[in-house]
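This briefing walks through selected local features of a protein model, grouped by topic. Please keep the sequence and the structure in view while reading.

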Amino acid sequence: MMARYTLYLAVALWLAILAGLKYLIHPPMPASVLMIYMTLSTLGILLFVAADEARFQAFLAPLKSVFEGRAPLAAQVLVLAGIPLLLGWGAWLRTAPTWDAPFEPRVVHPEPPSSFSLHGRRIETANLKNPLRLPDPVQLEKYTQEGKTIYYQNCFFCHGDALAGDGHFANAFSPIPANFRDVGTISMLQESFVFWRVATGGPGLPKGATPWLSAMPVWQNLLTEEEIWKAILYIYAGSGSTPRTWDEEAGHEKH
Amino acid sequence: MEAHLTDTITLASTPQALKGTYKGVVKISLMLAATYLVAQGLSHYLPAADYRQFFGFSNRIAVWIVAELHLMFAAFVLGVPIFAVITEFVGKATGEKRYDDLAKEFTKLLAMAYTLTAVLGCVLLVLFVALYPKFMGYMTKLFKPTWLLYIVLIFGEVVIAYFYWYSWDLLQGARKKWHLLLGVLVNLWGTALLFVADIWVTFMMSPAGIDDAGNLTSLWAAINNHTWMPINIHRLLANVAFGGAIAAAYAAVRFLNAKTDEERARFDWMGYVGSFIAIAAFIPLPFAGYWLGREIYQFSEQMGVSMMGGSFAWLWILQAMLIGGLFLASNFYLWLGMGRIPGAERYVKFQIPMMILLTIGFIVWATPRSIIASGAEMSAMGGSHHPFLGLFGVMAAKNTAVNLMILTTFFSFMLYRRGNRVPAVPWAATGKIVQALAIAAAAGVVLGYGIYSYSVPSNIRIGFSVYQVGAVLAAMAVFVAIDIPLLRGAQEIGAIRWGQIPARAQYALFFLAISFTWLMGLMGYIRSGIRQYWHIYGRVMDESANAYTMMHGHATIIVSCITVIFFLLVSVVFWMASRNEDGEGEAK
């Protein structure tokens, strides 16, 4: 019985999804993501409609009646005028001038170099490990506490009290400082990666990761190697995350 | 090639089978000899250089296009025999001739694709020697024994594969077991060829067995490098999926051009079997890919980060789009197929929840971690990560989504299978409840671990994907283990009306084939591109003008061009296969 309303139900569902995504999600999702979601929703609806012959014919029936001239004149005018108007509106939306700054794409995790310079020495990233991550819990705790002091003296202003990338100066930067509590940041990375990022800062980023406007200082100019490792111990401990590690045995077998 | 193709019409006697095989061997010998002479001639006459241009065209792009096309045809000719021989085994076991005919139909495509594979391989070799002489000189120094082995294997493969094809009608009845043995040998030889070819490509990614000066210290270490076995397995599975998808596309072409109901029924069935093979081999593929990714990270974090989080990360969104599309298309095809199964209308009610699950899964799967946003949108979000949508951008969400999509597609297939049957066993109701519980439990495990994984460190989170996959595979195993006895002696509502499927279902099969091809090209580019400015990662630098990473737009256009060229060439194979059959029909 509902079959004759298939087209209208599909359109209503499409509009409901659009309204839901546009108005119920806060902060609003960027247009690029809305475009992906709506394309996939449209695809889902159309494939569902076309996956059953009876359903498909019911969906097409009102369209056929319009394009074959059997529908009331008002409906024909509405559809035939509506399509070019919609297309025109779409074209205008795409071409209308905007005051937004142009989008600058950037990569989340720039690839680390195989080696980098630290206080005039070459450091190989491949086998770099945190020398202060000791099995002795007392020692480890001592270094972590020292790291906390270093963090509050140097990193806190941008990366914040909760290590969530929301320090006092955070909003002045684009990109904003890293949120260490985010599962997609330090917990996905080995400590060697974090060490390289801290030691070389924004200027140490590889060419492949341009355009980079990172305001991260080159911390090796301000801290010793040991101080950097201590700060790294703290950002993992303080944010409740652990560094990414590999199965040591498997790695050794191969080498 | 023309003479060879017309020969395929008659496949009856021993002398003819031997003659066909002999011709194949002569052909490949001539090709290899010509390739050797051309390569030697070019090396001799061209002025010495480390790199050469291809008539003013980029040497990298020339090699890229030919290598990828060669790889696609090679994947096809290595993948098809795997399921051709399985289909032949099914035919032998069930005694149903239609399976044997189908296996022969698959193999027919193969016989013609061999020539194209060999021609492309020869062109590729000439290009390598002419355009990258210094690099090829180094590789030859390291891998000469494997190259000799490769040539021996090529001859072995040609002899067995041609004999497998030409002896089809000869080795029937009591002699069928010998034909099956030939089929198994074709596959063993083909797999060995693949494994040898993978040595060189994986060595370039994750070199081992050489000292600091680049001298070989252990050939076996160079062969058994970090990525060799993961790529072997990944390619083996992908070849089957790819071969199935191309065979299904061939069936779709034949279906759309069919003039009789009998033909339509035959090719409808072939398309269904091809797509089933493609999807069945596709389901474990992400797990093999995951193993490869892990080995890449373990070999070099730099390379791993470039691949997944750095410059190549956006290409994975394209990959996600294509894979999500594959899931939608395969469900769409199955649902349309249920229209020709009497009794399958009982299961139409499941389509709404399944489509909702698939669409939401696809949406999560395609959500980028780092979102494209204008300045105003960025400040509203507080950065390039959306506080809510950002949760969908990480692997925890994507693993969950893809596992649920796999489970849904599996369920679709099981409903399709049950379409016209009503279980007759007394324990049918209990069996169905256990099946439903198995699916629900797997979905619960997948979802539960997916949510829980947000609160654990990444090294533990990685382990969760094993539980998720394990739950899905276990549910599938339980479901099938119950389904087989459940449907034994089932009452049949009516026979499947093969051939009575809307034409648009065939376009879903084209979509599968095109997506698989595009994915192969794209993933191949990522795998090769992450070496960046190295021929052999970290050891031999690419010193040519092309040692840069392309813009994604440029690279994907080349991948698209390769896909188009591949389908043009495949169309020739399809056309010849159908023309041959027309000739065969007329001869009869």
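H119(A) lies in the loop between β1 (115–118) and β2 (121–124) of chain A, where strands (E, at least two residues) and helices (H or I, at least four) are DSSP runs numbered from the N terminus. The phi angle of H119(A) is near 50°, a positive value in a residue other than glycine. This is a predicted model, in which local features need pLDDT of at least 70 and side-chain atom pairs count only at pLDDT 80 or more, while totals for chains, interfaces and linings use all residues. Residues are numbered from 1 along each chain as its sequence is written, chains are lettered from A and ligands numbered from 1 in the order in which they are written, and side-chain values use heavy atoms, with hydrogens and water left out.

**A cis peptide bond**
- The peptide bond from H26(A) to P27(A) is cis, with omega near -10°, and P27(A) lies in the loop between α1 and α2 (31–50) of chain A.

**Packing of α1 and α3 in chain A**
- Helix α1 (residues 6–23) of chain A packs against α3(A) at an angle of about 90°, with the axes 7 Å apart; axes are lines fitted to C-alpha atoms, for helices over the stretch in contact, and angles run from 0 to 180 degrees between N-to-C directions.
- α1(A) is therefore roughly perpendicular to α3(A), a term that covers angles of 65 to 115 degrees.
- T6(A), L7(A), Y8(A) and A10(A) of α1(A) make the contact with R55(A), A58(A), F59(A), P62(A) and L63(A) of α3(A), contact meaning heavy atoms within 4.5 Å.

**A nonpolar surface patch**
- L63(A), F67(A), L80(A), I83(A) and L87(A) make a nonpolar surface patch of about 480 Å²; such patches consist of residues with over 30% relative accessible area and no salt bridge, with nonpolar side chains (Val, Leu, Ile, Met, Phe, Trp, Tyr) joined within 5 Å.
- Accessible areas come from the Shrake-Rupley method with a 1.4 Å probe, and for residues only the protein chains shown count as cover.
- Both α3 (53–67) and α4 (73–95) of chain A supply at least two residues of the patch, and the largest share, 3 residues, comes from α4(A).

**Salt bridges**
- Over all chains, the whole structure holds 22 salt bridges, each a side-chain nitrogen of Lys or Arg within 4 Å of a carboxyl oxygen of Asp or Glu.
- One of them joins the side chains of R504(B) and E53(A) (2.8 Å, N to O), and this pair crosses between chains, from helix α18 (residues 504–529) of chain B to helix α3 of chain A.

Definitions and conventions: Patch = residues over 30% accessible without salt bridge, like charges linked within 9 Å, V, L, I, M, F, W, Y side chains within 5 Å. Parallel < 35°, antiparallel > 145°, perpendicular 65-115°, else oblique.
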